[in-house]
Amino acid sequence: MSQGHFKGLGVCSGVAFGQVHLVDRRRVTAPHYHLPPERLDEEVHRFEDAVKASETQLEDLRQRAANSGLGQVYALLEAHAMILKDAAFRDATHDRIVKLGQNAEWALQETIRELKQLFDRLDHDYFRERRGDVDIVGDRLMRNLVGAETDLLSNISSDAVVIAYDLSPADTVALAKYSAKAFVTESGGPTSHTAILARALDVPCVLNAHGVMSMAGFGDEVIVDGLAGEVVLRPSPEQTTRYRNLSRRRKKARAALLADRDLPSKTQDGVDISLLGNIEVTQEMDGVLAAGGQGIGLYRTEFLYVEQPSLQGADQHYDAYARVVERMGGLDVTIRTVDAGGDKFLRRATDGHDTEADLAALAQYDDNPALGLRAIRLSLRDEGPFREQLTGILRAGVHGKVQILLPLITEIEELRRTRALIAEIEQELDAAGRAHLKNIPVGIMVETPASAIIADLLGREADFLAIGTNDLVQYTLATDRANESVAYLYRACHPAVLRLIDQVCRGAQVNGIPARICGEMAADPFHTPLLIGLGLRSLSMTARSIPVVKRMIRRLDAAECEALAQEALQMSCAQDVETVLTERLQTWAPELFGGV
Ligand code: PEP
Ligand code: MG
């Protein structure tokens, strides 16, 4: 069989050798065929079995929504169950099977098409929006009819290289738990959640490998180079030997970086830079400690729902956070409250079970989710679950050094309302005689141009500012962080982004509070001189980047970095900044080029 070589975007280095495991998360396609009269009853039964399976799944989801106090979601799922029961849906499909001899999938597809046209003709936004419900219900039914999706994980081998058009965060975590060796997708940008999670889980990953799905076959041998962004299907023996040698060299270089683990994270001119870890799933804590991280700068708690889909109640939150805080043994732990919505949790989990965060996002129906009901907006809209989370954090605070971080703040009112909630919860805990951390520091994520521009004002009321460049770049440059077709515009070195970072650092400084960065920009040693030059003294990143960033810091001179940053702030495009940065780094830290 012929070989295949694909070039994509390498987002998590490492070389993986394994066998192709295809995951197709696209909408299923319906087969079309006519049936002889004697098979029609059987076909109606087949359709009814799929309806029953869908009803059971929806009932299960409704139960979970009810248990979690997600009233709106419950109502939405109830609407889906009603559509399933509706004669217009069911009888119309039966009729098509019996009268026209169409197979169930074809008949169902025609029913959905007709119903959607009907909704389109209704002159009211509410009804037009309901056509989306018909689609969702139809997709569930279709998957049950063709037996798709629910068994995606069942036959995964221990050396599976997952190849997909796209993977949701839940898919990525679930697949990594089943020890996937690498991820390859045809879509996704460098700070998409698939990329972040692959790095967090230390699984080599290549995004945007166009055409790979149609060339790869289940069980084919495959090599993935997550640094160069290369995927080799059905490699020759020579190629395998070459990649094995490359893998050995890279592993050696990574191990060598760990030699600096206990050395201070200090520039040549003696400026201390604290290096913290970002975590999504709790297994990453050990990696942060092993890499010499000085604490957790960002715990993305929305991923808790991937680990524990049925998580609810303050006690369960408390248990989860107390484990992290105790494991970190007195080091800082910054717990960010749930950031659902945006590109997170919008698709179904691979195991067929939607998480509650999935459900919450599903309820939004935002055409433009990045600008919709996401993060703190979602938390403040539904205070019940938010209170439970805050209570869990306050109680876990007694086990160490804990801070709260609020995602996507654009309005001071969001911070004020959260502080008021915290004050109420403290009173309740006091009244109940339960131990909790008092005066917990509350910081805000600066992820939008709005919050960067008023950082000096927000900084009057926040205890610290944490710059989230993944979103800041997206919102500043109007460039979807997960959309590969505009990935060329997604440039952290764009002077507009640098000016905003500069503004945030100054906003923190005038208020005498710390500024930190925890977006992916902090994890790339290429950017370290700029960040130090702009005044950042605390960088938080995925564990695997800590050693290389520390090595970079130890090569740099903060005063030189400052001069470089001042030059960069006067440049008119990202390309110019990158060119100057490349030139300087070739002098300052030549051995750190090429990546590890
Ligand atoms: C960011 O936006 O930079 C960030 C750290 O948050 P997230 O990637 O989780 O959106
Ligand atoms: Mg963000």
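**View 1. Ala-255 counts as partly exposed, at 48% relative accessibility.** In this scale, buried means under 20% relative accessible area, exposed means over 50%, and partly exposed lies in between (1.4 Å probe, protein chains only). Ala-255 belongs to helix α9 (residues 237-257), where helices are DSSP runs of H or I with at least four residues and strands are runs of E with at least two, numbered from the N terminus. Although Ala-255 and Pro-547 are 292 residues apart in sequence, their C-alpha atoms are 9.4 Å apart in space.

This is a predicted model, in which local features need pLDDT of at least 70 and side-chain atom pairs count only at pLDDT 80 or more, while totals for chains, interfaces and linings use all residues. Residues are numbered from 1 along each chain as its sequence is written, chains are lettered from A and ligands numbered from 1 in the order in which they are written, and side-chain values use heavy atoms, with hydrogens and water left out.

**View 2. The magnesium ion (ligand 2) is coordinated by Glu-447 (OE) and Asp-471 (OD), at 2.0 Å.** This pair links distant parts of the chain, 24 residues apart, with Glu-447 in the loop between β13 (442-446) and α17 (449-453) and Asp-471 in helix α19 (residues 469-476). Donors are N, O and S atoms within 2.8 Å of the metal (3.2 Å for Na, K and Ca), and because water is not among the atoms, sites may look incomplete. Glu-447 counts as buried, at 2% relative accessibility, and Asp-471 counts as buried at 2% as well.
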